[in-house]
Amino acid sequence: MGDLLLQDLWFHQVEGIMIENAVIDGELVVVRARASAERSACPACGTTSGRVHSRCVRRLADTAVAGRPVLIELQVRRFRCRDRACRQATFAEQVDGLTFRHGRRSTGLQTVLQQVAVMPAGRAGARLADTLAVRASRSTLLRLIRRLPEPEVHTPRVLGVDDFALRKGHHYGTILVDIETRRPIDLLPDRATATVAAWLTDHPGVEVICRDRSTAYAEAGRIGAPDAVHVADRWHVWKNLAEAVERTVIQHRALLREPQNTAPVLAAGALEGPELEPRSPDEPRQSGRLSDRVREQHAAVHALLEEGLGLRPIARRLGLARNAARRLAHAATADELLVGRWAGRSSILDPFKPYLHQRWTEGCTVARRLFEEVRERGYPGGESVVKKYVQRLREALPHDDPPRKAPSVRDVTSWITRRPDRLDDDQTQRLKQLLARCPALGRTAEHVRVFAELMNDRRGQDLGQWMERVQADDVPTLHGFVTGLGQDRDAVVAGLSLRYSSGAVEGHNNKIKMIKRQMFGRANFDLLRKRVLHAA
């Protein structure tokens, strides 16, 4: 019964194997088995033979069991080939689903490691294999990728074409994607027109080509697939428009900063409010740590007195000295205890307050900067005193906020090219004020809005009217964008009308970047190609 259970656990999908026993040797599980098929086929000529020449034991690593590595000691036979004309006189038998020629792993473990190699690969794959209780270095995983068979390449009806960086700024390749299934089909070693055209010639049947606005890919499509419809990818078209908007914003960078407030500044006397004037010694303290602590203790002492406790129990419970508890008990209100020589004492900052008021009305509200200025004028105290006084100024005059930082070119470009419902209230208000200050940016934003509606509603037939309106307007940077659209107008109209897009290609571009990082610089093109296509 045990042998049948072991047989079902390890070799339920393999025929011609008999398990003799399974033992645990330290951290290793050893399974001893033997091949039981009566005959085997010669790998050279295919002739089956039952004449045994010799026997040997093969040691195969297998997938782990309960975190323990597994070693299969498999006794196999060597047969004599019955065909005298065969160049291979003897051959070792192979067990389908378990062994392969010259393999030191089982077929199941080999498949697992191939999947690990295809997905994380490199050092990450080696660490994953270690958690699976399998020893495999990163070089072993890369060798497994090289041994994978060539992936089958089929011809799609809708083909996406884009480039990717093998070495950014120096060497680029081309990725081909089936837009309908969103799966990569092939990788080409460069982005030359001749290479892409040759691939299209060798794979006839492409009806639609989704591409960026590269002239190389456009020419390759006309040569290799002359009957295919070219579709300019909407993402690339919008990217080109955003670049034109950014150039417009750069030209009007001086208008990005909000104009200074021309309202008359506050007089220094306006800062001398009751909350900033020093208190009289006859006036109790109303705020501060001392005031808060005295008021809390006074309330606690009188609450305990109402419960009937004496002064000594009250002092012990509250952790107070007996005389302190007596003073709190004899005071009718906490204000009686907060009047004295410490309530209205002068500050070492008093001689410098007029200067602080002047700088505040001039717009300088940074406590650190004010501290450095008064220190240069002889202030002997620390920065914390200045900070506290500046905080009182902010509370007394909350409307005097420092001017906001001017938006960057990238910020304004993003506000103009982003969907209006994705802007918060502050961004919407600032953009509205900016467009009112700069009519050129206002006209540019209006053209962008109309183009966005045209693209979202798939009204490619209206592109000509939009181009005419832009050409008639005084926006030079958009004129260059319109000129570029005119050079590839049919593809752009198709891109704004049809549902096809190269978004899937961009996703695979990001996957290629991740794969190259995982390979730690040890990737060549063939290795990268196999991994990308098999991972799909």
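Axes are lines fitted to C-alpha atoms, for helices over the stretch in contact, and angles run from 0 to 180 degrees between N-to-C directions. The model is predicted, so that local features need pLDDT of at least 70 and side-chain atom pairs count only at pLDDT 80 or more, while totals for chains, interfaces and linings use all residues. Residues are numbered from 1 along each chain as its sequence is written, and side-chain values use heavy atoms, with hydrogens and water left out.

**Exercise 1.** Determine how helix α2 and helix α4 pack, and which residues make the contact.

*Solution.* Begin with the elements: helices (H or I, at least four residues) and strands (E, at least two) are DSSP runs, numbered from the N terminus. The axes of α2 (residues 107-118) and α4 (residues 138-146) lie 9 Å apart and form an angle of about 100 degrees. That makes α2 roughly perpendicular to α4, a term for angles of 65 to 115 degrees. Next, with contact meaning heavy atoms within 4.5 Å, α2 contributes Gln-110, Leu-113, Gln-114, Val-116, Ala-117 and Val-118, and α4 contributes Leu-141, Leu-144 and Ile-145.

**Exercise 2.** Identify the buried residues of helix α5 and state where they lie around its axis.

*Solution.* Buried means under 20% relative accessible area, exposed over 50%, and partly exposed in between (1.4 Å probe, protein chains only). In α5 (residues 193-202) the buried residues are Val-196, Ala-197, Trp-199 and Leu-200. They cover an arc of only 160 degrees around the axis, which puts them on the same side of α5; the arc is that of the directions from the helix axis to the C-beta atoms. On the other side of α5, Ala-194 and Asp-202 are exposed. Finally, the cover over the buried residues of α5 includes the strands β8 (158-167), β9 (171-178), β10 (183-188) and β11 (208-211), together with α6 (215-224).

**Exercise 3.** Describe the largest nonpolar core and the surroundings of Trp-466.

*Solution.* A nonpolar core is a set of buried Ala, Val, Leu, Ile, Met, Phe, Trp, Tyr and Cys residues joined through side-chain atoms within 4.5 Å. The largest has 37 residues, and Phe-451, Trp-466 and Leu-485 have the most contacts inside it. Among the elements that give two or more residues to this core are α7 (234-251), α16 (439-456) and α17 (463-472), and α16 gives the most, with 9 residues. Not counting residues up to four places away in sequence, Trp-466 touches His-447, Val-450, Phe-451, Leu-454, Phe-481, Val-482 and Leu-485.

Definitions and conventions
Angles under 35 degrees count as roughly parallel, over 145 as roughly antiparallel, 65 to 115 as roughly perpendicular and the rest as oblique.
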